[in-house]
Amino acid sequence: MGGRKTVKKEKTFFGQPRGLSTLFFTEMWERFSYYGMRAILIYYIYDSVANGGLGYSKSLAASIMAIYGSMVYMSSVIGGWLSDRVLGSRKTIFYGGILIMIGHIILATPFGAPALFASIAIIVLGTGMLKPNVSEIVGGLYHKNDLRRDSGFSIFVMGINIGSFLAPIILGAVQKEYNYHVGFSIAAFGMLAGLIQYYFQGKKYLGTVGLEPTNPISETEKSAVYKNLIKGIGLLAIVILGAALLGKLTIEFVIFLLSILGVALPVYYFTKMIRSKDVNDMERSRIWAYIPLFIASIFFWSIEEQGSVVLAIYADERTNLDFMGFHLIPSWFQSLNPLFVILMSTMFAWLWTKLGERQPSTTIKFSIGIVFAGLSFVILVIPALLNGVDTLVSPWWLVLSFFLVIVGEMCLSPVGLSATTKLAPRAFQSQMMSVWFLGDAAAQAINAQIVSLYSPENEVMYFAIVGGFTIAVGLLLSLMNSKIKTLMQGLN
């Protein structure tokens, strides 16, 4: 008796490869753990010992938070190298997740400052290993001509923002009800949940994607790596020993050293690319076109990243938290950033598609984004001028500030990623994406030196100068539009 063969329909995740669900939830839980911890960490650092905090000054707490963020982006270079040359993406992600979880567990222990700095070091390395490589595997789920690729990345980014949105609300409430250490332990459980589903679902749905390094390191290269590593450790030991002998080995000194590194890394990469024999004249011209965009983006990220530092202090000290019958928790304001990203991403994607060839050039979009970032700080001058700095302000001012900077992000961040891939020289295609993320690292390295200047007493000057200067940079970049277009050699 003849029968028809039935074709088993592939299970999908919102019409995407099933493996996307694995990566969606891995990144959602990783962002939940990271941004949940980050939302309450600054308060833990400067809160009094009697309240369960460390009792550091607010200015030092702000600098620690900024350099922490800078180190996370710098470490993505290490994570990318380990993935490409040693472990492969899949193992690098898993080991990175384990390190993040261990870091949160250490932070949840009552061992004060030593636990804080140990956890920072471990979480920085773990996040650098996990974050860039998850995105790479998402791309590996699709053939290059698969029309689902762009929508797949959109769904993946939604997972990032869902985790980032929920975490400050949940951990903020837990910290308020219990204590900081219980809050940090929730972050550890979040990462554990991500690891469990990544390990078991990954085996089932990710196939062979990312199992092997794409460019395995040879035995000859290993010796060179070991030599450079020993040189680096030796140089670091000399600097630390010298500082100790001079009595300068302080937290502030370490932050200063890391700030220099955060600015020096992108300078090194651009110099390396421009001088490379593997880069032709057209590609070199496009690198020169990219540099002013990169520098201008640092000013944007500087303000955007102060949302979890300066604006976190502003929420705690300057904002009226009794609002419409509710008592707000300061860390909840950290959920505004991902909330506005979720609400506005689709709208801006539709806008650029609708405008088509009439949409602004890359340079003008950057300029608009930077101006909006500057405005997000300048508008905070208004309540201080109207009522002074001794009167608590309406939370709507913070909502407006976060809204404006995310309008700016919609103009700059996706466009910056696109420009990075388009303007990258062939020989530095992957490394160019690391350079884009180093813009955020450089911004937060600079922040580590300037956020300590903020206080409610001088907030008018702080917001006016930082915001006003950023607006000026955005306007100056717009004047360079035609020159940058020429250097792009036919790309826009």
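Here are some questions and answers about the structure above.

This is a predicted model in which local features need pLDDT of at least 70 and side-chain atom pairs count only at pLDDT 80 or more, while totals for chains, interfaces and linings use all residues. Residues are numbered from 1 along each chain as its sequence is written, and side-chain values use heavy atoms, with hydrogens and water left out.

Me: Is S367 buried or exposed?
Reply: Let's start with where S367 sits: helix α12, residues 362–378. Helices here are DSSP runs (H or I, at least four residues), numbered from the N terminus. Buried means under 20% relative accessible area, exposed over 50%, and partly exposed in between, with a 1.4 Å probe and protein chains only. S367 has a relative accessible area of 5%, so the residue is buried.

Me: Which residues is S367 in contact with, leaving aside its neighbours within four places in sequence?
Reply: Contact means heavy atoms within 4.5 Å. With those neighbours left aside, the partners of S367 are G474, L477 and S478.

Me: How far does helix α6 reach from its first C-alpha to its last?
Reply: Helix α6 covers residues 180–205, which is 26 residues. The expected span is 1.5 Å times one less than the number of residues. For α6 that expectation is 38 Å, and the helix comes close to it, reaching 37 Å.

Me: Which backbone nitrogen does a side-chain oxygen of N179 reach at the start of α6?
Reply: A polar contact is a pair of N or O atoms within 3.5 Å; within protein, one must be able to donate a hydrogen and the other to accept it, and residues adjacent in sequence count only if both atoms are side-chain atoms. Here the oxygen of N179 comes to within 3.0 Å of the backbone nitrogen of H181.

Me: What kind of aromatic pair do F299 and F469 form?
Reply: Rings of Phe, Tyr and Trp (its six-membered ring) pair if their centres lie within 6.5 Å; planes under 30 degrees apart count as stacked, over 60 as edge-to-face and the rest as tilted. The structure holds 27 such aromatic pairs. F299 and F469 are 5.8 Å apart centre to centre, with 50° between the planes, and that makes the pair tilted.

Me: How many residues apart in sequence are the parts that F299 and F469 tie together?
Reply: F299 is partly exposed at 26% relative accessible area, and F469 counts as exposed at 52%. F299 lies in helix α9 (residues 281–305) and F469 in helix α16 (residues 459–479), so the pair ties together parts whose separation in sequence is 170 residues.

Me: What is the arrangement of the rings of Y314 and F463?
Reply: Both Y314 and F463 are buried. Ring pairs also link them with F377, Y454 and Y462 into a cluster. The centres of the Y314 and F463 rings are 5.9 Å apart and their planes are at 75°, so the pair is edge-to-face.

How values were computed. Helix = DSSP H or I, 4+ residues; strand = E, 2+ residues; numbered from the N terminus.
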